Amino acid sequence: MDQIAITGGAQLEGEIPISGAKNSAIKLMAASLLSDEPLRLTNMPRLADTRFLGRLLHRLGTEVTESQNGAGPETVLHTPEIVSAFASYDLVRKMRASFNVLGPLIARTGHAKVSLPGGCSIGARPVDLHLKALEALGASIDLHEGYVYAQAPRGLKGAEISFPFVSVGATEHTLLACVLAEGETVISNAACEPEIEDLADCLNAMGAKVCGAGTPTIRVTGVAHLHGATHAVVPDRIEAGTYAMAAGMAGGEVTLTGVRPHHIAILLDKMEEAGVQVTRGNGSCTLKRNGARLRAVDLSTDPYPGFATDLQAQFMALMTLADGESVIRETIFENRFMHAPELSRLGADITVSGGEARVRGVGGLEGAQVMATDLRASVSLVIAGLAARGDTVVNRVYHLDRGFERLEAKLSACGARIRRLSDDEEG
Ligand code: EPZ
């Protein structure tokens, strides 16, 4: 298995282009199942997760064509007909978001058999809200031997769906199912993440009638057919926030391009509070830190527009070097502090109790071997390694490859000493 080796201590100077958002791209790809005409997605990130979903969609009947032209990477997805409405355990287990094909399959064919995803390292992550929403839309749902068997032979019907708490996945999944339902659907307490707006924009470009995405109430008037469209994937706010914190951690001056700074507004405010200089541009953002020590800042994760749970691990890494104690509360997932013991291997001083971590800043970190446990945890170890004295080796890099496009190339272009060790040269 590949490793990432980092020799810490180099400041970052330069520009980092931000890719399209993984967590949007994979829902947009699922949306292509809703039409028999091609969906052309531009600004597509090339990631293990998008490749994997492409293979699953291919089995369901989608022709997936990737290309790279002057305007950047794009993928055309075309599903003239659904040839299979089955997604196996093996496929859904490897990538939870594969579960999102369930709604489009029911909407387009009236039936589907899709494996339940099961838990993952950051939490139990049930899908009860997804299934209740599909039932409210008129699908009959049976669970047997780990599979969802769904039927809606006469099509889905619009409904009032009120979520008891905010779920990004359940909001997206409901949207993916109800755009072809007969009549109106109202989703209350919907998630407001930029990825939801992006999905709604894409569906509207395909002929759907979705209003209010990005607010807690989304209204959808069902249509009989969706057509082909071209849609640009929204910039990845988690990738942008991660590199912002890499710059804060290593010091220097980095400009992120192709980014929407208002999508990471709370993070940028917290970074300023911590002593990083932030310049917000139109489509760009510059982070600068001269040698001054960071200040400790507290945070609590929350649904958008609150502080993203997907940026919590990286912020914890930043706080390991701050002056004072930072209290970090994780409110979205019950087991999302697995990076804390790994950061401690680099010399961080962190105590975790339930959903709260206390990070007492230290004067410096020291390189070590560390283990990646999930996507965002792994990248927190990389950015900590950039600031640590000596060499850090991050194991289980496949987690990083799921969600960070050309990570080593983007960081080394700014002067980071980072490289991938393949199997035969592992340290
Ligand atoms: C999405 O996960 C993202 N994944 C996550 O990013 C992100 O951390 C999360 O949203 C929160 O922003 C993708 O977009 C593929 P939720 P999702 O439904 O949709 C509970 C990454 O690293 N819940 O908003 O699964 C759930 O257990 C990943 O890129 C139920 O109880 O998140 C959690 O505690 C990790 N029942 C909370 O709701 C349900 O039916 C919020 O989860 C659904 C969710």
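Ala265 is partly exposed, with a relative accessible area of 33%. Buried means under 20% relative accessible area and exposed over 50%, with partly exposed in between (1.4 Å probe, protein chains only). Ala265 belongs to helix α9, residues 265–273. Its C-alpha atom is separated by 9.7 Å from that of Gly241, 24 residues apart along the chain.

This is a predicted model, in which local features need pLDDT of at least 70, side-chain atom pairs count only at pLDDT 80 or more, and totals for chains, interfaces and linings use all residues. Residues are numbered from 1 along each chain as its sequence is written, and side-chain values use heavy atoms, with hydrogens and water left out.

**Overall form**

The protein has 14 helices and 24 strands. Both are DSSP runs numbered from the N terminus: helices are H or I with at least four residues, strands E with at least two. The radius of gyration is 22 Å, close to the 22 Å of the globule rule for 427 residues, so the protein is as compact as a globular protein of that length. That radius is taken over C-alpha atoms, and the rule is 2.2 Å times the number of residues to the power 0.38. The C-alpha trace spans about 65 × 45 × 45 Å along its principal axes. Of the 427 residues, 57% count as buried. The accessible surface comes to about 16200 Å², and 48% of it belongs to carbon and sulfur atoms. Areas come from the Shrake-Rupley method with a 1.4 Å probe; for residues, only the protein chains shown count as cover. Contact means heavy atoms within 4.5 Å. Among contacts with a separation of 6 or more, 73% link residues 24 or more positions apart.

**Two open sheets**

Two strands pair if DSSP finds at least two bridges between them. Axes are lines fitted to C-alpha atoms, for helices over the stretch in contact, and angles run from 0 to 180 degrees between N-to-C directions.

β16 runs antiparallel to β17 (residues 284–289), joined by 4 bridges. Arg280 stands opposite Cys285 in β17.

Strands β11 (residues 184–188) and β13 (residues 218–221) run antiparallel, with 4 bridges between them. Ile187 stands opposite Ile218 in β13.

**Helix pair α1 and α2**

The axes of α1 (residues 22–31) and α2 (residues 48–60) come within 10 Å and cross at roughly 10 degrees. That makes α1 roughly parallel to α2, a label for angles under 35 degrees. Lys22, Ala25, Ile26 and Met29 in α1 meet Asp49, Thr50, Leu53, Gly54 and Leu57 in α2. Of the 10 residues of α1, 9 are buried, so α1 is largely enclosed by the rest of the structure. Buried residues of α1 include Ser24, Lys27 and Leu28.

**Thr42**

Thr42 lies in strand β3, residues 39–42. Thr42 is buried, at 16% relative accessible area. Not counting residues up to four places away in sequence, Thr42 touches Pro73, Glu74, Thr230, His231, Ala232 and Val233.

Conventions: Angles under 35 degrees count as roughly parallel, over 145 as roughly antiparallel, 65 to 115 as roughly perpendicular and the rest as oblique.
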